[in-house]
Amino acid sequence: PQKIALIDVDGLLINSPITGLGNVAENPVAVFREKLDRVEADPCFRAVVLRINSPGGGVTATDIMWRDLRMMKARRGIPVVACLMDLATGGAYYLATAADQIIAHPTTITGGMGVILNLYNLRDTMMQFNILGVPIKAGPYTDLGTPIRELDDQGRALLQHLADQYHARFQEVVRMCRPQHDPARQEDFDGRVFLAQEAMDRGLIDGIGYLDDAIALARRLARAPQAKVVVLHR
């Protein structure tokens, strides 16, 4: 029988096991690859619907997932439809660009195409408790970004260069995978988010609808109108 794989991508996308209440120490990147392997191994799967509800995550983790999806799609030659749920920003939108079509719910928040590195300066707080950091290091920037001292101008420039390189790759991926997006819209890459209608006006998504619409689109693209939906999970 013909089948359509429904793959969920939820929560923070990082390349390490997520632990805590309600979690079973699964690595989101590894689980995603296992599901893709399952699709690739079964010739009955004729399409994939990627149901995304995520704020994004680590740069490398999302890039690995994006590449794995593109490689599976290329090897199997089956269509992939991304269905964006409540939230699909940052790395989650990055992943969605690997799909053939992107469908968003009317109230989906998407975009957020920026890069952030959160650093904290705890030196003054530590001084209130008479705590003094005494790092012993070889290399002036071995502890770059440490919270126990203020970030100097050179260190800030180094980290800014890193963030700019990540951001440039994000833009490159969007321009490659979304030719319908106007590259002159530089403001789209400043981290702002959009609701579905504005995202479609800007060429970031292909349509507005619900999961049923994404599944119907996958059936049409796969030319498999009777394909049943199979949710891949543990």
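Arg178 lies in the loop between helix 5 and strand 6 (193-194) of this predicted model, where helices (H or I, at least four residues) and strands (E, at least two) are DSSP runs numbered from the N terminus. At 2% relative accessibility, Arg178 counts as buried; buried denotes under 20% relative accessible area, exposed over 50%, and partly exposed the range in between (1.4 Å probe, protein chains only). When residues up to four places away in sequence are not counted, Arg178 touches Tyr93, Thr97, Ile102, Val173, Gly203, Leu204, Ile205 and Asp206, contact being defined as heavy atoms within 4.5 Å. The model is predicted, local features need pLDDT of at least 70, side-chain atom pairs count only at pLDDT 80 or more, and totals for chains, interfaces and linings use all residues. Residues are numbered from 1 along each chain as its sequence is written, and side-chain values use heavy atoms, with hydrogens and water left out.

Helix 5 comprises the 25 residues 153-177. At 1.5 Å a residue this helix should span 36 Å, and its end C-alpha atoms are 36 Å apart, which agrees; the expected span is 1.5 Å times one less than the number of residues. The buried residues of helix 5 are Gly155, Leu159, Ala163, His167, Phe170, Gln171, Val173, Val174 and Cys177. These buried residues pack against helix 2 and helix 3 (91-96). An α-helix has 3.6 residues a turn, so residues three or four places apart point the same way.

Helix 2 (residues 59-76) is also paired with helix 1 (residues 28-41): their axes come within 10 Å and cross at roughly 5 degrees. Axes are lines fitted to C-alpha atoms, for helices over the stretch in contact, and angles run from 0 to 180 degrees between N-to-C directions. Helix 1 and helix 2 are therefore roughly parallel to each other, since angles under 35 degrees count as roughly parallel, over 145 as roughly antiparallel, 65 to 115 as roughly perpendicular and the rest as oblique. From helix 1, Pro28, Val29, Phe32, Arg33, Leu36, Val39 and Glu40 meet Ala61, Ile64, Met65, Asp68, Leu69, Met72, Arg75 and Arg76 of helix 2. By class, this contact has ten nonpolar, no polar and five charged residues, where Ala, Val, Leu, Ile, Met, Phe, Trp, Tyr, Cys and Pro count as nonpolar, Asp, Glu, Lys and Arg as charged, and the others, Gly among them, as polar.

With a disulfide defined as a pair of cysteine sulfur atoms within 2.5 Å, the count comes to zero. The sulfur of Cys83 is 19 Å from the closest cysteine sulfur, in Cys177, too far for a bond. Cys83 is buried, at 0% relative accessibility, whereas Cys44 is partly exposed, at 26%.

Arg223 is found in the loop between helix 7 (211-222) and strand 8 (228-231). Although not a glycine, Arg223 has a positive phi of about 55 degrees, and this residue is exposed, with a relative accessible area of 74%. Lys228, in strand 8, is partly exposed at 46%. Residues up to four places away in sequence again not being counted, Lys228 touches Gln2, Lys3, Ile4 and Arg219. Lys228 and Leu211 are 17 residues apart in sequence and 14 Å apart in space, C-alpha to C-alpha.

The protein as a whole has seven helices and eight strands, and its C-alpha trace spans about 70 × 40 × 30 Å along the principal axes. Of its 234 residues, 41% count as buried. Among contacts between residues at least 6 apart in sequence, 70% join residues at least 24 apart.
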